[in-house]
Amino acid sequence: MKQQNRLRRQILIVVLIVAVFEAFHISMYALLTRRLSNNFSGTSQAKMIDVGAYLPHEEGSDLVHMDASLHLTENLPVLDGAAALVPVYAAFVDAVYPVGSVTYEGGSFSDDNFYGENFAADSKMQYNNTVRGYKAVVDGTTDILFCAAPSEEQKQYAEEQGVELVYVPIGLEAFVFFVNENNPVDTLSVEQIRDIYAGEYTNWSEVGGANRVINPVTRLSGSGSQSVMDAFMGERSIARKSPFSIAGGAIGFSFRYYMDGIVGNQAVKMLALNGIYPSAENIQNGSYPIISEFYAIYRADNTNENIPVLIDWILSEEGQTIIEQSGYVRIQ
C-alpha cells in the first residue's frame with residue numbers, strides 16, 4: 001500500500017513538472033515568440049538586392065532594355081550607386097555602353113559576394129552601395145554615383161579632400177515607412193512618425209494600434225535611407241530604443257521601389273502618411289509628404305567629356321523612360 005502511494009506521488013510530481021514546463025512554454029510563446037513573429041527588423045537590415053539579376057548585356061537580365069540613340073565607345077564614365085538604384089544605372093550601361101565594358105574578376109559574376117566585390121577594376125559598372133560609393137566618387141575611382149543626398153559626414157569627407165561634388169537630380173522616389181502586414185495601423189501622420197523615432201510614442205496603442213511595444217528600426221549610418229531619415233527628423237534626435245522593443249512590433253523605413261520592387265517582401269506593408277499612400281501617381285503629383293530626389297553625382301573637376309553627354313541623355317525622354325520603366329518616377 002505504501003509503495004502504491006509512493007508511486008502515485010511520484011507520478012503526480014512528474015505530471016506537475018510536465019504541466020509547469022508546458023505552462024512556461026505557452027507563456028514564452030505568448031510573451032515573446034508570438035510577438036517576435038510580427039517583428040520584421042531583419043527585413044530592413046539584412047535583405048539585399050540580388051545584383052546578379054541586373055547585370056548589363058546578360059541574357060535573362062531583369063533590366064529595362066532599350067535601343068538607345070546614344071552609343072558611347074570610348075572614355076566611358078565609371079558608374080556606381082546605391083543598392084536601390086542598381087536597376088537604373090545598370091540599365092543605362094546596358095543601353096549606352098558596348099558589350100565587354102562590364103568585367104569581373106575571375107571572368108564571371110559571383111553570387112558569393114555581398115557588395116559586388118568581384119567587378120573587375122577596369123569594369124565600367126561598379127557596385128559599392130551608398131557608404132563606399134560616396135568615398136569612391138570623392139576619391140576619383142568612380143566617375144558618376146547614382147544615389148540619394150549625402151549625409152553630413154559624407155559632405156565633410158568631400159570638403160576635407162578639397163572636392164566639390166555636382167548633384168544633378170534625375171528622378172523622384174518616395175521615402176516610406178513600413179510595418180508587419182498584421183499590424184492594424186495603415187496610416188500615420190508625419191509628426192507621429194517623428195514622435196515614434198524621438199521616443200515620444202513607445203506603444204502602438206498610442207497611435208491607434210494594438211497594445212504592443214514599438215520597435216523603431218534604423219539603418220547603417222551614412223546609408224542613403226538613414227541620411228534621408230536624419231534629414232526628415234530635422235532638429236530632433238532619434239531616441240535610444242528600449243531593451244523591450246525586441247519583443248514588440250517593428251517599424252522601418254526605406255525607399256518605395258526598393259521595398260516594393262526589389263525586396264518584394266509580402267509580409268510587410270507600406271504606410272500611408274497623412275492619409276496618402278506612396279503610389280507612383282502620388283509621387284508624381286507631389287501629394288505624398290516625403291518625396292526624395294535621387295541624383296547623378298560627379299566631381300566638378302572631372303574632365304571626362306562624356307559625363308555631361310551621358311547625363312544629358314539620362315534627362316532626355318529615353319533616359320527618363322528607363323527610370324520610369326525601372327519602377328521609379330521621372331524628374332520632369
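Colleague: Which residues point one way from S6, and which the other way?
Modeller: Heads up, this is a predicted model: local features need pLDDT of at least 70 and side-chain atom pairs count only at pLDDT 80 or more, while totals for chains, interfaces and linings use all residues. Residues are numbered from 1 along each chain as its sequence is written, and side-chain values use heavy atoms, with hydrogens and water left out. S6 covers 249-255, and seven of its seven residues are buried (under 20% relative accessible area, with exposed over 50% and partly exposed in between, 1.4 Å probe, protein chains only). One way go Gly249, Ile251, Phe253 and Phe255, and the other way go Ala250, Gly252 and Ser254.

Colleague: In S6, what are the bridge partners of Val176 and Pro216?
Modeller: Strands here are DSSP runs of E, at least two residues, and helices are runs of H or I, at least four, numbered from the N terminus; two strands pair if DSSP finds at least two bridges between them. S3 joins S6 through five bridges and runs antiparallel to it, whereas S5 (residues 214-216) pairs with S6 in the parallel sense over three bridges. In S6, Val176 is partnered by Ser254, and Pro216 by Ile251.

Colleague: Are the residues on the two faces of S2 buried or exposed?
Modeller: S2 spans residues 144-147, with Ile144 and Phe146 on one side and Leu145 and Cys147 on the other. Both faces are covered, and those four residues are all buried.

Colleague: Why does H4 count as roughly parallel to H5?
Modeller: H4 (residues 129-139) and H5 (residues 152-160) have their axes 10 Å apart; axes are lines fitted to C-alpha atoms, for helices over the stretch in contact, and angles run from 0 to 180 degrees between N-to-C directions. Angles under 35 degrees count as roughly parallel, over 145 as roughly antiparallel, 65 to 115 as roughly perpendicular and the rest as oblique. H4 is roughly parallel to H5 because they pack at an angle of about 20°.

Colleague: What is the handedness of the crossing where H4 passes H5?
Modeller: A crossing is left-handed if the near helix is turned anticlockwise from the far one by less than a right angle, and right-handed if clockwise. By that rule, H4 passes H5 in a crossing that is right-handed.

Colleague: How many nonpolar, polar and charged residues does the contact of H4 with H5 have?
Modeller: On the H4 side we've got Thr130, Val131, Tyr134, Lys135, Val138 and Asp139, meeting Gln154, Tyr157 and Ala158 in H5. Ala, Val, Leu, Ile, Met, Phe, Trp, Tyr, Cys and Pro count as nonpolar, Asp, Glu, Lys and Arg as charged, and the others, Gly among them, as polar. The tally is five nonpolar, two polar and two charged.

Colleague: What do the buried residues of H7 pack against?
Modeller: Eight of the 10 residues of H7 (residues 224-233) are buried, so this helix is largely enclosed by the rest of the structure. Those buried residues include Gln226, Met229 and Phe232. They pack against H4, H5, S3, H6, S6 and S9.

Colleague: What is the C-alpha to C-alpha distance in space from Lys124 to Pro77?
Modeller: Lys124 is in the loop between H3 and H4 and counts as partly exposed, at 24% relative accessibility. Leaving aside neighbours within four places in sequence, its contacts include Leu76, Pro77 and Tyr97. Lys124 and Pro77 are 47 residues apart in sequence, and the distance in space is 6.7 Å.

Conventions: Contact means heavy atoms within 4.5 Å.
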